[in-house]
Amino acid sequence: MKLTDRARFSTICIHAGQEPDPATGAIITPIYQTSTYVQDGLGQPHAGFEYGRTQNPTRMALERNIAAIEAGSAAFAFASGMAAIDAILTRLQSGDHVVVSDNTYGGTFRLFERVRRKFGLDFSYVDTSKPELIGPALTPKTKYLFIETPTNPMLHITDIRCASTIAHEKNVRVVVDNTFASPYIQRPLTLGADIVVHSTTKFLNGHSDSVGGVVILKHDDDVEWMKFVQNAAGGILGPMDSWLVLRGTKTMTVRMERTNENAQVLAEYLEAHPKVKRTIYPGLASHPQHALARKQMKGFGGLISFDVGSLEAARGVLNHLKLMALAESLGGVETLISHPAIMTHASVPADRRAALGITDGLIRISVGIEDVEDLQADLAQALETL
Ligand SMILES: *Cc1c(COP(=O)(O)O)cnc(C)c1O
């Protein structure tokens, strides 16, 4: 089970960081559910394991696995996606500035504005899908350009390579929240980004049964700091959740292939449907950044947004679906559907929602890997009631 340098993506997902358990040969890394490790004698060298916050073999197997998947030099797993994003902010000093994609995840906006601003960090929000807006937003105090692509729920795409070139000219490090795409679709570190974060809760775990986050790094100084801060602040991912995510990454390729296929079929179906006013999906030729998506992404992902014109119509559709579950979150094997204005983006002020295009008739689907005929039939019968 030695990986060569030329190992391809699925092989890396299944094997990277995975060694048979030294005690038994178990092919699957065990869940090392322990808080501490017995030492041989006072002051004697130990096997590298002292305390569960600092080292855990299950978590470390996951970290090596995801570092290889994202083509980074190291990864660090945290208790949630938000904990991972907060950890990378600890690299900054009070007075530093971060430029953020304007349609960023609501929890990220809340963390930046309501928690970290108190500690002297400054954030500004720009539409990073328009590269010409990035340069002017960078100031001498800017340390990070924080990108999400595609965004939620408008599915704007940022050109990671182009954004990285602009940021690097001003010595700004580029962070990509790659949760929405998954590394199957794009690997930002190979496109010039410096840091990647994920909510593993979504496509990496893929089974809607664990909450977690991960930071993947490229530069040695970032790795040193993150290793220190993961232990110092302690927001680690537990062994059971680490094991669940490891199981998830092994099937990522087949899940994402099916996700991409299903989403393309449903997006085309919705776009042609007379009751649907607008369908947003990067895989549709009508998407304003379809050409960039084709170039940057491998497939177009599992998120589709569509507008049925009014809150009343959206409520009608959502209340009549039988198979698709009304729920927040995304990236699981089961299809989830949500109403951004009332659910995920309720805390975004109405005028800001309007500016972003999050209308009351907008519905977002996270497409799962069920048989697409069943998903389409479910949408058909719900739209029929309008
Ligand atoms: C879910 C999500 C997060 C937060 O992750 P949690 O695991 O819920 O803390 C961050 N960014 C994006 C894009 C997400 O979808």
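Helices are taken here as DSSP runs of H or I, at least four residues in length, and are numbered from the N terminus. The model is predicted. On that basis, helix α3, residues 81-89, gives the most to the shell around the ligand. Its contribution is 3 residues.

The ligand site was examined next. The shell holds 15 residues. Those that come nearest to the ligand are Gly81, Asp177, Ser199, Thr201 and Lys202. By residue class, the shell divides into 6 nonpolar, 6 polar and 3 charged. The ligand itself sits in the largest pocket.

Asp177 places a side-chain N or O atom 2.7 Å from a nitrogen atom of the ligand. Ser199 and Thr201 face oxygen atoms instead: a polar side-chain atom of Ser199 lies 2.8 Å from a ligand oxygen, and an N or O atom in the side chain of Thr201 is 2.7 Å from a ligand oxygen. On its own, the ligand has 380 Å² of accessible area, and the protein covers 92% of that area.

An open sheet of 5 strands is also present. The strand order is β8-β9-β12-β11-β10, and the pairing is mixed. The edges are formed by β8 (278-280) and β10 (325-326). Each edge strand has a single partner, so one side of each is left without a neighbour in the sheet. In general, strands of a sheet pair through backbone hydrogen bonds, in either the parallel or the antiparallel sense. For β10, the pairing with β11 (residues 336-338) is parallel and runs over 2 bridges. Within this pairing, Ala325 has Leu336 of β11 as its bridge partner.

Most peptide bonds are trans, and most residues other than glycine have a negative phi. The bond between Thr149 and Pro150 is cis, with omega at about -5°. A cis bond also joins Asn152 and Pro153, again with omega at about -5°. Pro150 is found in the loop between β4 (142-148) and α6 (160-169). Pro153 lies in the loop between β4 and α6 as well. Phi of Asn171 is near 60°, a positive value in a residue other than glycine.

Technical notes
Residues are numbered from 1 along each chain as its sequence is written. This is a predicted model: local features need pLDDT of at least 70, side-chain atom pairs count only at pLDDT 80 or more; totals for chains, interfaces and linings use all residues. Side-chain values use heavy atoms; hydrogens and water are left out. A residue is near a molecule or strand if one of its heavy atoms lies within 4 Å of it. A polar contact is a pair of N or O atoms within 3.5 Å; within protein, one must be able to donate a hydrogen and the other to accept it, and residues adjacent in sequence count only if both atoms are side-chain atoms. Accessible areas come from the Shrake-Rupley method with a 1.4 Å probe; for residues, only the protein chains shown count as cover. On a 1 Å grid over the protein atoms alone, a cavity is a set of points where a 1.4 Å probe fits but cannot get out, and a pocket is an open set with protein on both sides within 12 Å along at least five of seven lines; lining residues have an atom within 4 Å of a point. A molecule sits in a cavity or pocket if more than half of its atoms lie within 2 Å of its grid points. Ala, Val, Leu, Ile, Met, Phe, Trp, Tyr, Cys and Pro count as nonpolar, Asp, Glu, Lys and Arg as charged, and the others, Gly among them, as polar. Two strands pair if DSSP finds at least two bridges between them.
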